[in-house]
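Here is a report on a single protein chain. It covers salt bridges, nonpolar cores and a few residues in loops.

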Amino acid sequence: MASIATAEACDSNTVLLASGDLRALQPIFKIYGQSRSFAGPIVTLKVFEDNVLVREILETRGEGRVLVIDGGGSMRCALVGGNLGQLAQNMGWAGIVVNGCIRDVDEINGCDIGVRALASHPTKSNKKGIGEKHVPVNIAGTLIHDGEWLYADSDGILISKSELSI
C-alpha cells in the first residue's frame, strides 16, 4: 500500500484533525527498521514486560497491518527483538509500534518493516502470556483502537479512524 506523507496528510485533513478523527502521536519514538515510512490498519496489544502475545500475533498473516503494542512505557526490558522483527517481515506486517523497548537493533534495522519504539534495551521480557489483544490502548497521549489506521514517516505518526486518501 502506498505510504502517505504525514505532514501532507495533516495539511490536507484539517477538518479530521479538528474533529479528532485524525490524531498525531507525541514525538517520543525512535525510528528502526528499513521502512522509514509505513502505513496500515492497526492491531492493538496491551502487555507489560511480557512478549508471548506479541509473538502469537506476529505469527499470523500481517496482510500489511501494523501492530501497536502498549508495553506500558516500560524501560526495563525489550518486547521485540531481531527474531520477531524477521517474523513480522516474513508474515507480511507493515510495521510495529512499541510503547516500550526493542533489542537486537542491528537485526531489526536489517528487516524490511517499519519499527518505532521508545528505546532499545538488551534484556529480554518475561514469558507468561499475560496481556490483552484487540483492546483500546493509550499511547503517546492518544487513544488508539483496533482497526484504525496508522501512518508513520520521518515526521511522525498519525492515527486515523479510517483510511486516508490524498
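## Salt bridges

A search of the whole structure finds 7 salt bridges. A salt bridge here is a side-chain nitrogen of Lys or Arg within 4 Å of a carboxyl oxygen of Asp or Glu. Side chains of opposite charge can pair when their charged atoms come close. The model is predicted: local features need pLDDT of at least 70, side-chain atom pairs count only at pLDDT 80 or more, and totals for chains, interfaces and linings use all residues. Residues are numbered from 1 along each chain as its sequence is written, and side-chain values use heavy atoms, with hydrogens and water left out.

## A buried pair and its network

Glu 148 forms a salt bridge with Arg 23, and their closest N and O atoms are 2.9 Å apart. Glu 148 sits in the loop between β10 (142-144) and β11 (149-153), while Arg 23 is in strand β1 (residues 22-24), so the pair ties together parts that are 125 residues apart in sequence. Helices (H or I, at least four residues) and strands (E, at least two) are DSSP runs, numbered from the N terminus.

Glu 148 is buried, with a relative accessible area of 4%. Arg 23 also counts as buried, at 14%. Buried means under 20% relative accessible area, exposed over 50%, and partly exposed in between (1.4 Å probe, protein chains only). A network of salt bridges links Arg 23, Glu 148 and Lys 161.

Glu 56 is partly exposed at 35% relative accessibility. Lys 133 is partly exposed, at 35%.

Arg 61 and Glu 63 meet through their side chains in a salt bridge (3.6 Å, N to O). Both residues are exposed.

## Nonpolar cores

The largest nonpolar core has 24 residues. Such a core is a set of buried Ala, Val, Leu, Ile, Met, Phe, Trp, Tyr and Cys residues joined through side-chain atoms within 4.5 Å. Leu 58, Leu 67, Ile 69 and Val 80 have the most contacts inside this core. The elements giving it two or more residues are β3 (38-46), α3 (52-58), β4 (66-70), β5 (78-80), α4 (82-90), β6 (95-102) and β7 (114-120). Helix α3 gives the most, with 4 residues.

Apart from this core lies another, of 18 residues, among them Val 68, Leu 118, Ile 144 and Ile 159. Contact means heavy atoms within 4.5 Å.

## Residues in loops

Ser 125 lies in the loop between β7 and β8. Ser 125 is buried, with a relative accessible area of 5%. Its side chain makes a polar contact with the side chain of Asn 51 (3.1 Å). A polar contact is a pair of N or O atoms within 3.5 Å; within protein, one must be able to donate a hydrogen and the other to accept it, and residues adjacent in sequence count only if both atoms are side-chain atoms. Ser 125 also touches other residues, including Glu 49, Cys 77 and Leu 79.

Glu 49 has a positive phi of about 55° although it is not a glycine. Glu 49 is in the loop between β3 and α3.

Terms used: Lists of a residue's contacts leave out its neighbours within four places in sequence.
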